[in-house]
Amino acid sequence: MKIEVEAGDIRESKAGAIVVNLFQGITTPGGATGAVDSALDGAISRLIEQGDIKGKKGELTLIHTFGKLPSPKVIVAGLGKSEKFDVDAVRKTAAGVARFARRSGARTLATIVHGAGIGGLDPEACAEAVTEGSILGAYRFLKHKEPDEDRKDLDGLTIVEHDSARLEAFKAAALRGEILATATNAARDMANEPANHLTPSDLAARALELAADAGLQIEVRDRDWMEEKGMGALMGVASGSIQPPKFIVMRHEGGGDGTLAIVGKGITFDSGGISIKPALKMEEMKGDMTGGAAVVAALWAIGKLGLPLNVVGIVPTTENLPSGSALKPGDVLRAMNGKTIEVINTDAEGRLVLADGLSYAVEIGATEILDIATLTGAATYALGPYAAGVMGNERGLEEKVVAAGRAAGERFWPMPMFDDYDDLIKSDVADVKNTGGIPAGMTTAARFLRKFVGDKPWAHLDIASVDVATKDEGVITKGATAYGVRTLIHYARQKVEEPAASSA
Ligand code: BES
Ligand code: MN
Ligand code: ZN
C-alpha cells in the first residue's frame with residue numbers, strides 16, 4: 001500500500017473513498033465531517049437525525065456521493081465516546097475502515113487523522129496510528145489462493161491534513177507507522193506460511209532479504225557451527241528432522257553503550273516430536289516460529305527507524321518432528337552454557353532451542369535480553385486470547401515490556417517468578433528437566449529459561465495465547481497475528497527516548 005501525506009481539503013480528493021469521523025452523541029458534525037456533510041447537502045446530519053449514524057465505536061457507514069464530491073464514496077467512522085478515545089482507538093478505527101473500504105470495493109482511500117483535532121492526544125501519534133492501523137487492517141494472506149478479483153487489496157492511502165504547518169511532522173509520523181505495520185505484516189507472512197513453504201532455510205532466506213533491505217549485518221549459521229559452539233539442546237531438537245537447522249544472528253549497530261539481545265523461538269513446525277501432539281489443530285503449529293519471525297521483523301524495523309542503540313536479533317530455528325533419529329524422552333542434552341537437560345517431553349522443545357539462543361546472547365556480551373516465543377499452551381489456560389505473559393528476573397524490566405506493549409496496543413501481563421517453582425523442574429539425572437508437569441506451566445517454562453541468561457537483566461514474552469486469531473478484530477486479522485513485533489519495536493524506542501530510565 002502506497003502511503004502519502006498531503007495538505008489540503010479532503011472534499012477535493014479523488015480517492016475511491018474518503019474517510020471522516022464522528023464521536024458518539026454529536027448531532028451537528030464539525031470540522032472535515034461538517035464540510036463533507038455540507039457538500040452532501042446534509043446527508044450525514046440527516047442520517048444522524050434518523051438514528052442511522054450514532055458515532056458508536058466501530059460503527060462504519062458508507063454514503064455514495066453521486067457526483068456531489070469528486071470521490072464516489074464517503075465512509076463515516078464512529079469513534080465512540082470522546083472521553084474514552086485514545087491513540088489505540090485511532091489505530092483500531094483505521095484498521096476497521098481499511099477492511100470496510102476493501103469490502104466496499106475501494107482501491108484507494110483518503111482519510112483525515114482521527115484524534116488530531118481533539119485536545120489531549122498528540123497529533124503526530126495519531127498520524128502514526130492511522131497509517132499503522134490502515135496497513136495492519138488491510139492485511140490478508142492470499143498467497144496460495146486464487147486472486148480475489150471482486151475485493152482487490154487496497155493500494156493507496158492518502159492522509160489529508162488541512163493545516164499545512166503539520167505536513168512535515170505528519171509525513172515523518174506516517175513513515176514510522178508504515179514501518180511498524182510493514183514489519184508486523186512481514187512477520188504475519190512468515191507465520192501464516194505453511195511449514196512445507198517455510199523451512200528453517202526459508203526463514204533464514206527471509207531474514208537475509210530483510211537484513212539487506214534495512215542495512216543490517218547478518219550471519220546464518222549451520223549445524224557444524226552449532227556443533228563447535230556446543231549447542232546440544234538446539235541440535236537435539238533438530239535431530240528428528242531432515243531439514244537442516246539454522247542459527248540466525250542479525251545486528252543493528254546504532255551506537256551507545258550496551259547491546260540489547262532479542263531471541264525468538266523459530267520452530268517452523270512443532271509436531272511435538274516423539275511426544276507427539278494430538279491431530280486436532282496441529283496445523284496451527286506451522287506458526288511456532290512466530291517469536292523468531294517477530295525478532296527478524298523487529299530488527300528490520302529498528303534498522304529502518306535508525307534507532308540509536310545496538311540490537312542483536314537471535315533466532316535458533318528447526319523443525320520438531322518424530323523419526324528414527326529424533327530426540328527421545330529421557331535423553332540428556334548439554335546446552336551451550338554447559339548445563340545438562342533431561343528431556344521429559346519432546347514437545348517442550350521451544351525452551352530447548354531458546355536455551356542455546358539465550359546462552360549465545362550471554363556469550364556475545366548482551367547487556368539486556370528479551371526473548372519471545374509461542375512457548376506454552378498454559379499461556380492460553382491462564383490468559384485466553386486477551387493478553388500475553390511476561391516473566392523475567394527483574395520486576396522493572398517486566399514493567400517496561402508491559403509499557404511498551406501498552407504503547408503498541410498489545411497486552412502483556414506479568415506472571416509469578418518465585419524461586420520455589422524451580423522445585424518443579426529439578427531432575428534426578430541432569431541439572432534441570434524440560435517440563436514441570438501441569439502446575440504453573442507458563443512459569444516453569446520461564447524458570448527453565450532463566451537458567452540460561454546468567455546474571456543479565458532478562459524478560460521472556462510468552463505469546464502462545466495470542467499468536468493465532470480466529471476472527472478479524474481491530475488491527476488483528478484472522479490467522480497469524482504477529483503479536484509482539486510492535487511491542488519489541490516500542491521497547492527499543494522506549495530505551496532511546498528515556499535513556500535515564502533504561503538499564504542497558
Ligand atoms: N508450541 C507449543 C506451545 C503452543 C501450544 C503454542 C498451543 C501455541 C498454541 C510448545 O512447544 C508446547 O508444545 N508446549 C507444551 C509444553 C509441555 C509439554 C510442558 C504445552 O504447552 O503443552
Ligand atoms: Mn512443543
Ligand atoms: Zn513449540
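Predicted model: local features only at pLDDT ≥ 70, side-chain atom pairs only at ≥ 80, totals over all residues.
Q: Which protein residues are donors of the zinc ion (ligand 3)?
A: Along the chain, the donor residues of the zinc ion (ligand 3) follow the spacing K-x4-D-x17-D-x60-E. Their donor atoms lie 2.0 to 2.4 Å from the zinc ion. The residues, with their donor atoms, are Lys265 (NZ), Asp270 (OD), Asp288 (OD) and Glu349 (OE).

Q: What is the arrangement of the donor atoms around the zinc ion (ligand 3)?
A: Six donors count as octahedral if opposite donors are over 155 degrees apart and all others between 65 and 115. The 6 donor atoms around the zinc ion (ligand 3) subtend angles of 78 to 174°, so the arrangement is octahedral.

Q: Which protein residues are donors of the manganese ion (ligand 2)?
A: The spacing of these donors in sequence is D-x76-D-x1-E. Angles among the 6 donor atoms run from 70 to 167°, and the site is irregular. At 2.1 to 2.2 Å from the manganese ion lie the protein donors Asp270 (OD), Asp347 (O and OD) and Glu349 (OE).

Q: How far apart are the zinc ion (ligand 3) and the manganese ion (ligand 2)?
A: Asp270 coordinates both ions. The distance between the zinc ion (ligand 3) and the manganese ion (ligand 2) is 3.1 Å.

Q: Is Asp270 buried or exposed?
A: A residue counts as buried under 20% relative accessible area and as exposed over 50%. The relative accessible area of Asp270 is 3%, so Asp270 is buried.

Q: Is Glu349 buried or exposed?
A: The cut-off for a buried residue is under 20% relative accessible area. Glu349 has 1% relative accessibility and therefore counts as buried.

Terms used: Residues numbered from 1 in each chain as written. Chains lettered and ligands numbered in written order. Heavy atoms only, no water. Donors = N, O, S within 2.8 Å, 3.2 Å for Na, K, Ca; no water. Tetrahedral: all angles 85-135°; square planar, octahedral: opposite > 155°, others 65-115°. Buried < 20%, exposed > 50% of the residue type's maximum accessible area, 1.4 Å probe, protein only.
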